[in-house]
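Biologist: I would like to learn how to read a protein model, one feature at a time. Could you take me through this one slowly?

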Amino acid sequence: MVSGSPDVWRPRLPPGPGGCGGSRVPPIPGRWLRLACLVTALANCGGALGLLLFQRPLFERLGIPLPLDPHYFVWMAGLSFANGLLAYYVYRDPPRSRDLLKVGIVGKGFFSLTAVYYYIFAGLHGFFLLMGLWDGIFAFIFALYLIQLQAPDLARMNAGEVWEGNGSVPRRAAILFYSLTGTGRQSVLFLKRGLESGGYTVDSFPIRPIERDLFSFPFRSLGQFLRIAGRAILRRPARIEPLRLPAEHDYDLVVVEAQTWFVGVSAPVEAVFQDEGNRAFFEGRDAAVIVVCRGLWRRSQAMVVRHLERFGARVVGSRAYEHAGREPSRLFTLAAYLATGEAGRPRWLRWLLQPRYGLSGGALEDVERFGAALAARRS
Ligand SMILES: Cc1cc2nc3c(=O)[nH]c(=O)nc-3n(C[C@H](O)[C@H](O)[C@H](O)COP(=O)(O)O)c2cc1C
């Protein structure tokens, strides 16, 4: 199990373009998320008290109708104040407040959704919609913070650390990868280059689904995509060809490349870890993870890292890479690419699409640097 920091080693790497290397995921620093908790604590407590004390003049000035039942309003303000206190306690001691964050996500999320609902269907005043949107944003921030607090090791790895290995010498690496649309395959090439620059010999093992017709790209029909999507949403496993990974091998590093499918790891990669027969390949070895995705990587990365740890590997590094560009253009680019199989198509949508699908050049260079850092890790 990866733990504590005493054996952390920071390799000196050439800086990447734009500081963090194209679209390698820049982790949101924990201190920002913590500060956000203080902000919402002050806003909730201050706002609730302000509303209780100055509700009438404030509402009259803003033209908001006074609540029909003042008791409910007072209760709501009390709950909002309590949510602010909760955020303050999270701010004071984040690692011990994970359960509080869960309560905060439910409370703020519920308030946010009901505000939107009543605004649309019951004519609620826009003032409350704004409060709801504010709470929605903080429910999201709480969720990000919760993930980060539950996986502090991943936050540090994403920030660039490569950890000490387990001391073996051969300098041979195995990369297990799956790639439907080619992004992962491309990242593996750059990773391999980085590892080889550090003196490694690298073998790649593609993960091959048995249902080749289904898991093939470009899609032949909308139905094919919907089947993959439906199964990913329901988290139905995929059957893969046996990896025939030898239990006795001399790879001192095993890298798993994976991608996000509907906020989880793709089914073919997950299948590797659903087969206990593969455990021996990872047990006692150094392991690293690369996740590629449009933008949602946290859960899939955590899934792969935890699977590796469950199989007894020592996870020494993990990186996630997002597609080039910003939202919503990235989302449209992904949808258009899945639909047409070609970047920049359809032409009439070009103004909205990224010129390329997948990782930016800067991100790929960063993958290569990651490979070099893994090769240079102290073992
Ligand atoms: C069925 C499907 C579902 C996806 N779901 C997500 C998702 O929930 N979040 C995300 O960020 N990317 C999602 N993506 C985008 C992929 O993670 C992204 O395109 C990745 O680069 C694909 O890697 P590959 O080309 O190696 O298959 C999805 C892609 C597919 C095909």
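This is a predicted model: local features need pLDDT of at least 70, side-chain atom pairs count only at pLDDT 80 or more; totals for chains, interfaces and linings use all residues.

Biologist: How many helices and strands does the secondary structure of the protein come to?

Modeller: There are 12 helices and eight strands, where helices (H or I, at least four residues) and strands (E, at least two) are DSSP runs numbered from the N terminus.

Biologist: What describes two packed helices?

Modeller: Two packed helices are described by the angle between their axes and the distance between the axes. Here, helix H6 (residues 183-197) and helix H12 (residues 361-375) pack at an angle of about 40 degrees, and their axes are 7 Å apart; axes are lines fitted to C-alpha atoms, for helices over the stretch in contact, and angles run from 0 to 180 degrees between N-to-C directions. H6 and H12 are therefore oblique to each other, since angles under 35 degrees count as roughly parallel, over 145 as roughly antiparallel, 65 to 115 as roughly perpendicular and the rest as oblique.

Biologist: Which residues of helix H8 are buried?

Modeller: A residue is buried if 20 or more other C-beta atoms lie within 10 Å of its own, exposed if 12 or fewer, and partly exposed in between, with C-beta atoms placed from the backbone. In H8 the buried residues are Ala 267, Pro 268, Val 269, Glu 270, Ala 271 and Val 272. These are six of the eight residues of H8 (residues 267-274), so the helix is largely enclosed by the rest of the structure. In the protein, buried residues make up 37% of the 379 residues.

Biologist: Where is a positive phi found in a residue other than glycine?

Modeller: Most residues other than glycine have a negative phi, and most peptide bonds are trans. Phe 262, however, has a positive phi near 45 degrees, and Phe 262 sits in the loop between S5 and S6. Val 263 lies in that loop between S5 and S6 too, with phi near 60 degrees.

How values were computed:
Residues are numbered from 1 along each chain as its sequence is written.
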